[in-house]
Amino acid sequence: EMGLSSQEIVVLRSLQSRREALDAREGEIGTREAAAGAAEARLSEQIAELKALEAQVQGLLAQMDEKSDARMASLVKSYESMKPKDAATIFNGMEDQLLTDIAKSMKPATLAAVLSSMQPKRAEMLTRLLANLAKPPANLTTPTPTSAPATPAAPPASPA
């Protein structure tokens, strides 16, 4: 074989088989990179779709909130236009959460007139519910103050 020693032929064959193994490995890595790129592109598309869907859902929720607020304002207006005694009769039997939602939106003078016509225990309970709205939720923990990092003192002004 062209004047090469057996040692050199073994080395050349070894190098050739090593090159073939490296070429095969390079092909596998290229395939994996292409698959990873395609998967990344699919994930990016899905993320974009999810963000668009999230924006759509947020818009729908905002519309629902607006409609709910409008319905509640209309309901409050209805109770404010009633005679206090008639509104009090209805309030006496109303579920606490709905009663609180309506009462908190009423004009103070109108609410006072309705409260004065309600059953005393029910008026007391409504007063308590309204007062509790001003309190922070019980599961809200007060953050503990952390020591602020010391700020370095300003260097003395140099004479000009």
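Hi everyone, let's start with two helices that cross: the axes of H1 and H3 come within 9 Å of each other, at an angle of roughly 75°. That makes H1 roughly perpendicular to H3, because angles from 65 to 115 degrees count that way. Before I go on, please keep in mind that this is a predicted model.

So who meets whom at that crossing? From H1 we have Met72, Leu75, Val76, Tyr79 and Glu80, and they meet Leu98, Asp101, Ile102 and Ser105 in H3. Sorted by class, the contact of H1 with H3 has 6 nonpolar, 1 polar and 2 charged residues.

Let me step back to the whole chain for a moment. How many helices and how many strands does the protein chain have? The count is 5 helices and 0 strands, and from the N terminus on the elements run α-α-α-α-α. The chain has 160 residues, and 14% of them count as buried. Now take the contacts with a separation of 6 or more: 61% of these are between residues 24 or more positions apart.

Helix H3, residues 96-105, packs with helix H5, residues 120-132, at an angle of about 70°, and their axes are 10 Å apart. That makes H3 roughly perpendicular to H5 as well. By class, this contact has 6 nonpolar, 1 polar and 3 charged residues. On the H3 side you'll find Asp96, Leu99, Thr100, Ala103 and Lys104, and they meet Arg122, Met125, Leu126, Leu129 and Leu130 in H5.

Which residues of H3 are buried? They are Leu99, Thr100, Asp101, Ile102 and Ala103, and these buried residues pack against H1, H2, H4 and H5. Have a look at Ile102 in your viewer. Leaving aside neighbours within four places in sequence, Ile102 is in contact with Met72, Leu75, Val76, Tyr79, Phe91 and Met94. H3 also has a cap at its N-terminal end: a side-chain oxygen of Glu95 lies 3.1 Å from the backbone nitrogen of Gln97.

Now for the nonpolar core. The largest one has 16 residues, and those with the most contacts inside it are Phe91, Leu99, Ile102, Met106, Val114 and Met118. Which elements give two or more residues to this core? They are H1, H2, H3, H5 and helix H4, which covers 108-117.

One is Asn92, in helix H2. Is Asn92 buried or exposed? Asn92 counts as buried, because its relative accessibility is 18% and the cut-off for buried is under 20%. Beyond its neighbours within four places in sequence, Asn92 is in contact with Met118, Gln119 and Arg122.

The other is Met82, which sits in the loop between helix H1 (6-81) and helix H2 (84-92). With a relative accessibility of 30%, Met82 counts as partly exposed. Not counting residues up to four places away in sequence, Met82 touches Ala87 and Ile90.

Note on methods
Residues are numbered from 1 along each chain as its sequence is written. This is a predicted model: local features need pLDDT of at least 70, side-chain atom pairs count only at pLDDT 80 or more; totals for chains, interfaces and linings use all residues. Side-chain values use heavy atoms; hydrogens and water are left out. Axes are lines fitted to C-alpha atoms, for helices over the stretch in contact, and angles run from 0 to 180 degrees between N-to-C directions. Helices (H or I, at least four residues) and strands (E, at least two) are DSSP runs, numbered from the N terminus. Angles under 35 degrees count as roughly parallel, over 145 as roughly antiparallel, 65 to 115 as roughly perpendicular and the rest as oblique. Contact means heavy atoms within 4.5 Å. Ala, Val, Leu, Ile, Met, Phe, Trp, Tyr, Cys and Pro count as nonpolar, Asp, Glu, Lys and Arg as charged, and the others, Gly among them, as polar. Buried means under 20% relative accessible area, exposed over 50%, partly exposed in between (1.4 Å probe, protein chains only). A nonpolar core is a set of buried Ala, Val, Leu, Ile, Met, Phe, Trp, Tyr and Cys residues joined through side-chain atoms within 4.5 Å. A polar contact is a pair of N or O atoms within 3.5 Å; within protein, one must be able to donate a hydrogen and the other to accept it, and residues adjacent in sequence count only if both atoms are side-chain atoms.
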